[in-house]
Amino acid sequence: MTNTKPIAVIYVRGDKKEIQEMLCHLHAVERGYKVVFATDNLGDVKDCDVLMVMNPSRISRNETEYHKIINDLKEKGIEVEFAVDHENLVDSLELVNCLLK
């Protein structure tokens, strides 16, 4: 039996895309995912198990559009995970500060 890692794609949008990508990549690796690429185009997201995003506002700040995108991804069998949430916000902000120095 082969133990394959779930495939992850990182989605970045807006300012500081490099930092978003780093945080998402770190989170994905911690979760045991194989990151195949990062993109700023949701149309590129396919053939993966997980879409890794820094936070929900990166998908959309419009609540209706956000839920439409999430539902479309779920219909394709793609789960969405966020690298920064309330539980790890302080750690993530400390990491960002270190990266900016």
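## Strand pairing

Strand E1 (residues 7–11) and E2 pair in the parallel sense over five bridges; strands pair if DSSP finds at least two bridges between them. Within this pairing, Ile7 has Lys34 of E2 as its bridge partner, and Ile10 has Ala38 of E2. The model is predicted: local features need pLDDT of at least 70 and side-chain atom pairs pLDDT 80 or more, while totals for chains, interfaces and linings use all residues. Residues are numbered from 1 along each chain as its sequence is written, and side-chain values use heavy atoms, without hydrogens or water.

The four strands form an open sheet with parallel pairing, in the order E2-E1-E3-E4. Strand E2 (34–39) and strand E4 (79–82) are its edges, each pairing on one side only. From one strand to the next, the twist averages 30°. E1 is mostly covered, with four of its five residues buried (buried: under 20% relative accessible area; exposed: over 50%; partly exposed in between; 1.4 Å probe, protein chains only).

## Chain layout

The protein chain has three helices and four strands (DSSP runs numbered from the N terminus: helices H or I of at least four residues, strands E of at least two). From the N terminus on, these elements run β-α-β-β-α-β-α. The protein chain has 101 residues, of which 36% count as buried. Of the contacts between residues at least 6 apart in sequence, 77% join residues at least 24 apart; contact means heavy atoms within 4.5 Å.

Helix H1 (residues 17–30) lies across E1, E2, strand E3 (50–53) and E4. The helix runs at about 135° to E3, where axes are lines fitted to C-alpha atoms, for helices over the stretch in contact, and angles run from 0 to 180 degrees between N-to-C directions.

## Helix H2

Helix H2 (residues 63–75) has 13 residues. Its first and last C-alpha atoms are 18 Å apart, close to the 18 Å expected at 1.5 Å a residue (the expected span is 1.5 Å times one less than the number of residues). After H2 comes Gly77, whose phi is positive, near 85°.

Tyr66, Ile69, Ile70 and Leu73 are buried in H2. They lie on the same side of H2 because they cover an arc of only 95° around the axis; the arc is taken over the directions from the helix axis to the C-beta atoms. An α-helix has 3.6 residues a turn, so residues three or four places apart point the same way. The buried residues of H2 pack against E3 and E4, whereas Thr64 and Glu75, on the other side of H2, are exposed.

## Ile69

Ile69 lies in helix H2 and counts as buried because its relative accessibility is 12%. Leaving aside neighbours within four places in sequence, Ile69 is in contact with Leu42, Ile59 and Ser60. Leu42 is 27 residues from Ile69 along the chain, and the C-alpha atoms of the two are separated by 9.0 Å.
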